[in-house]
Structures are given as structure tokens and as C-alpha cells.
Amino acid sequence: MSGALHLGVLSVFGDAINFIFHQQEARTGQTMVGGPDQVWHLTGQHLKVTFLALGLALVIALPIGVALGHFRRGEAVAISVGNAGRAVPELALIAFVAAFIGVGLLNVTFALAVLGIPPILTNSYVGVSQVDRDAVEAARGMGMRGLQVVGRVELPLAVPTIMAGVRTAAINIIATAALASLAGLSTLGDLILGRNVYGDAGVVAGAIVIALLAVTLELSLAGIQWLLTPRGLKVARAGAAA
Amino acid sequence: MTAGAVQLAPLLGQVTIHSRTGANAPCQAQESKVFCFQWAVDNFDRYTTPFLNQLLLVLIAVGIGFAVAFAFAILSHRQRWLIPTFTGATGVLYTIPSLAFIFLLLPITGLGWETAIIVLSVYTLQIIYRNIVAGLSNVPVESQDAGRGMGMTDRQLLWRVELPLALPEIIAGLRIATVSTVAISTLMVFANVNTLGQPLYQQIDFKTNIVIAAGLSILMAIALDLLLLVSQRLLAPWRRPSMGARA
């Protein structure tokens, strides 16, 4: 019984891998689906809308969060936005944008950016406002002005917290980009939501590729965070861990 | 021939008139109106089952997630090396998009409640675990010493001193986990569970439907969040709840 189950599980995953690397006839007949070309194309589309949305969310949320944190104003707003963002159902957001605003790349980018703004805004506020007052005073004592303090002291010291928000936003966005096909944009979600065309092999193939993409994106952002974190913070952290 | 055409014309006229004046007909056109109140009143009962299903799914998933995270947090309270291991493992699982997670389980558990519960409870693990661990490590050494001075064993110290003092952090973690689980559970329509995602997905271009389904889901999240907030004030009245943790 369990042997048969394992064999069945393995064969579905085998079919899924096969779907990624070899074209095959669609479940509905006539057309050919799967294979590296289609998977690459959908992956490209998926990444394109993900990066556009993440970029847009950064451009909007980072300056606002950093400014609020620098002046230590609007804590209630900055924290509430993050809390409220978690309550928004992704499926409803996509449906809402498709029904009220429209479909296509621009509208989906906007919808996904809305999803990415709360964690970036909240974390950049928290990160900057929690920077040690003594460090800020020292910077002012050295003759730095407002923007210099932000750029050379507050931002570098807030990198770990800000990047945690960026990573949360990126995960939310790349996950929800799979729903973009409901708003007229082809992404890897097409494979997952098109079971009657692509079959179980295509659905599981889509799930595998999306999961790998998400983990890769998360690891890349962790790498970027490591590069951006000031050496002093790393030393302090290593010392605390030891 | 001519007689038939003459008879048909008034009929067509009636049809048009009916579709414009019927009680919920204007909203069936599924366009133009932002929110059709009459349709909402007439059809509200179709959201009852999805709402209750979603609520049950959230309660089960957060319950299981809390039980597992709690057990591991207690274990790692004494075995500190478990903390990075468990945080790392749950972090990777948290990264997997829910839609992909559902269909990665398709060959193993199929589609249905079982799959939905696994996916949702796995997502709650990290935030609940991190907050319990943080809460336990923030307990003042003086409180621990006082407990030991009264002759408490490790277990008594944990249940009578450390866990009660960690309660605000623990509940803060539960609040975040619960609110996110409510939102993600709408996606469990793709695991064949009739949550509020079902009406959303079925009539994805019908504005009134989207507003009701999304509104009910957000209301559920707010209600559960408030319930946990109130329970924290009752259980740990010595400390005001913080506004919320970071993402």
C-alpha cells in the first residue's frame, strides 16, 4: 500500500519534471504545451511583473517610511499600515483591481505593489526610528546635516530591519503574481490554474518552478542584505551570537 | 410568417422591460454599479457556508500551528541550538508561495481540507515560534531568581513565572499569525475548500460579490484580532499590549 503510494507520488513529480523539459500534447489535444520554451517564457513574465511591482513598492514606501522614522512622526500610521496590509486577501486584491480598475501588466503591477508597500513602509519606519540616538547625535556633532545623517548613519544601521520588510514584500509579491492570470496576465500561475489544459504534470511543474523562484529570490535578497549591512553591525551581531 | 413576427415583437419588448426593472436584474449584468445593495440583501445567505468554513479552517490551522510551535519553543528554551535550526527550517517553508505549496502537496495528500490545513498551519509556525522564544528570553533574571528562591523546579518556573510573563509576546505572535491566516485561507478555494475565495473566484468580475467576500474576510481578521487583544488584556493585565510586531 505505502509502496504503491510512494511510486504514485514519484511518478507525478517525474511527469512534472518531464513537463518542464519536454513539450507534450495538451490535455485538450491539438496544441503542444510545456517544454523549456513555454516554461522560460512564463518564468520571464512572472519575474518581470514581480520586479516591477517590488520596484514600485520600494519607490513609494521606502522614502515615506524613512522620512517618518527620521522625524519620529506618525508611528500609529506606519504601524497600522503594516497590520492592515496583512488582513488583505491576495485573491480579493487581484479580483478588486481586475473588476474596478482593469486588467493587464500595468494594473497587475499596481495591485502587487499595493501588497508590497505595507511591510516595507512599516519596517523602514521601525528600522530608522530605532537607530541609537547617540549615533545620530555623534553624526550631528561631526557636522552632518539632515540628509547626510539619513544616508550615512540611519539608513546603513537600519539595513537589517528594512531588508526584512523588503523580503516579506518580495515573497508576497512573487506568490501573488501566480494569480495574475485571473487579471489577464500570463505568469507561471497559468500552469497551476490550468489543470484541464496542462494536467497534473503541468500543475505540479508550475508549483515546483514557482517554489524554486521564490526561494532563489529570498536567498538573493538575503545576499544583498549581507552586502549592504555595515561591517560593524556584522561584527556586533557575530559577537552577540557567540 | 408575418403574424409570427408581429407576435414576437411585443415579447422581446417585455423581456427588455423585465430585465431593467426586476429586483436584482440590474446587478446580474455584473458591470457599471460599484455596489448593488439589493443584490447583497437578496443573496447574503450564499456567503454563510464559505464564511463558516473559512473560520473553522483558520481556527484549526492556527491551533495546530500553535501546538507545534509551542512544543518546539519549550524544547529550545533549554536546548538553545534548536533556535536557529527551527527558525531556518520554518523560514524556508514560509518562503514557498501558498498556491505552489497546495499543488506540491497534490500528489501526496490530494486536494481538500487536509492539504489546506497543512499549508496554513505551516505558515503560522515561524511567527508564533519566534514570539514565544523572544517572550521567554525577555523574562527578567530577577523574576527567575525569585521563583528559584521560592523553591520552584524548572517546570514550575516555566509554567508559573516564565510563560505568564511571556504572554504578551506570545499573543502578539498569535495575532499576526491569525490575521495572515485569515487572508491566505481565501486561496484555499484552489485546494477545493469552500472558503470566501470560492465566491470570489466564481464571479471574479462581479463587483458587488468582490466587495462582500473581501469585506467578510477582512471583518473576520479584525474580529479575531480584537478577540486576541481582549484576551491578552484579561490574561496579562499588568502590561499594555504593544501596537504590533514587525513583519
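**Entry 1: the model.** I kept in mind that I'm looking at a predicted model.

**Entry 2: who touches whom.** I started with the two chains and looked up their contacts. On the chain B side I got 39 residues, and they meet 41 residues of chain A. Next I checked the buried area: the pair hides about 3600 Å² between them, with 79% of that on carbon and sulfur atoms.

Entry 3: I looked for salt bridges between chain B and chain A, and the rule gave 0. Which parts of chain B supply the touching side? I noted α5 (82-95), α6 (98-109), α9 (154-185), α10 (197-202) and α11 (207-235) of chain B, as the elements that give two or more residues each. I sorted that side of chain B by class too: 30 nonpolar, 6 polar and 3 charged residues.

**Entry 4: Thr195(B).** I picked this residue and found it in the loop between α9 and α10 of chain B. Is Thr195(B) buried or exposed? I put it down as buried, because its relative accessible area is 0%, and under 20% counts as buried.

**Entry 5: around Thr195(B).** Leaving out residues up to four places away in sequence, I listed what Thr195(B) touches: Pro50(B), Gln54(B), Leu57(B), Ser185(B), Thr186(B), Met188(B) and Val189(B).

Notes:
Residues numbered from 1 in each chain as written. Chains lettered and ligands numbered in written order. Predicted model: local features only at pLDDT ≥ 70, side-chain atom pairs only at ≥ 80, totals over all residues. Heavy atoms only, no water. Contact = heavy atoms within 4.5 Å. Buried area = accessible area lost by both parts, 1.4 Å probe. Salt bridge = Lys/Arg side-chain N within 4 Å of Asp/Glu carboxyl O. Helix = DSSP H or I, 4+ residues; strand = E, 2+ residues; numbered from the N terminus. Nonpolar A, V, L, I, M, F, W, Y, C, P; charged D, E, K, R; others polar. Buried < 20%, exposed > 50% of the residue type's maximum accessible area, 1.4 Å probe, protein only.
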